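This report walks through one protein structure, from its overall build to a few selected residues. Please keep the sequence and the model at hand while reading.

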Amino acid sequence: VQLQASGGGLVQPGGSLRLSCVASGFNFDQYAVGWFRQAPGKEREFVAAITKRGGSTVYADSVKGRFTISKDNAKNTVYLQMNSLKPEDTAIYYCAAGGWVNSDPREYAYWGQGTQVTVSS
């Protein structure tokens with residue numbers, strides 16, 4: 001079982017990034033997927049999640065209207081399009097797979113290794 005997150009980097013405030021999370025080793029289309037983030041000295045927080053077929057999404061209030069999560073089961077991949085980035089979005093971003101859409105990280109069984117996003121001028 002593996003989740004590989006990528007796409008992070010350094011971007012200026014107001015810029016955009018697209019994160020990808022590629023899954024292998026399990027039936028990806030049977031799992032909901034969430035994105036979480038953790039900034040230095042802070043707890044891991046929920047960002048967004050999508051149902052197993054991609055028909056429904058949930059977002060944290062802090063990213064609503066700026067971030068978009070999508071799921072391509074044919075490619076075993078979930079994306080997080082991040083627009084209008086702010087310095088407070090700086091964190092390590094993790095993808096995780098679980099049985100249903102949930103903001104509680106304890107409900108997710110499989111986790112990727114994380115990708116660093118830094119928003120700075």
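## Basis of the values

The model is a predicted one, in which local features need pLDDT of at least 70 and side-chain atom pairs count only at pLDDT 80 or more, whereas totals for chains, interfaces and linings use all residues. Residues are numbered from 1 along each chain as its sequence is written, and side-chain values use heavy atoms, with hydrogens and water left out.

## Overall build

The protein contains 11 strands and 0 helices, where helices (H or I, at least four residues) and strands (E, at least two) are DSSP runs numbered from the N terminus. Read from the N terminus, the order of elements is therefore β-β-β-β-β-β-β-β-β-β-β.

Along the principal axes, the C-alpha atoms fill a box of roughly 40 × 25 × 25 Å. Among contacts with a separation of 6 or more, 56% are between residues 24 or more positions apart, a contact meaning heavy atoms within 4.5 Å.

## Surface and charge

Of the 121 residues, 42% count as buried; buried means under 20% relative accessible area, exposed over 50%, and partly exposed in between, with a 1.4 Å probe and protein chains only. The accessible surface is about 6,100 Å², and carbon and sulfur atoms account for 45% of that area, as computed by the Shrake-Rupley method with a 1.4 Å probe.

There are 12 positive and 9 negative side chains, and the centres of these two sets are 5 Å apart. Lys and Arg count as positive and Asp and Glu as negative, while His and the chain ends are not counted; the place of each charge is taken as NZ of Lys, CZ of Arg, CG of Asp or CD of Glu.

## The disulfide

The structure holds 1 disulfide, defined as a pair of cysteine sulfur atoms within 2.5 Å, and this bond joins Cys 21 to Cys 95 with an S to S distance of 2.1 Å. Because Cys 21 lies in strand β3 (residues 17-24) and Cys 95 in strand β9 (residues 91-98), the pair ties together parts that are 74 residues apart in sequence.

The torsion about the S-S bond is about 70 degrees, so the disulfide is right-handed. Cys 21 is buried, with a relative accessible area of 0%, and Cys 95 is likewise buried at 0%.

Ile 69 belongs to strand β7 (residues 67-72) and, at 4% relative accessibility, counts as buried. Leaving aside residues up to four places away in sequence, the residues touched by Ile 69 include Val 33, Trp 35, Ile 50, Tyr 59, Val 78 and Leu 80. The C-alpha atom of Ile 69 is separated by 8.7 Å from that of Gly 34, which is 35 residues apart from Ile 69 along the chain.

## Two loop residues with positive phi

Most residues other than glycine have a negative phi. Asn 76, in the loop between β7 and β8 (77-82), has a positive phi near 50 degrees and is partly exposed at 26% relative accessibility.

Ser 84, found in the loop between β8 and β9, also has a positive phi near 50 degrees, and its relative accessible area of 41% makes Ser 84 partly exposed.
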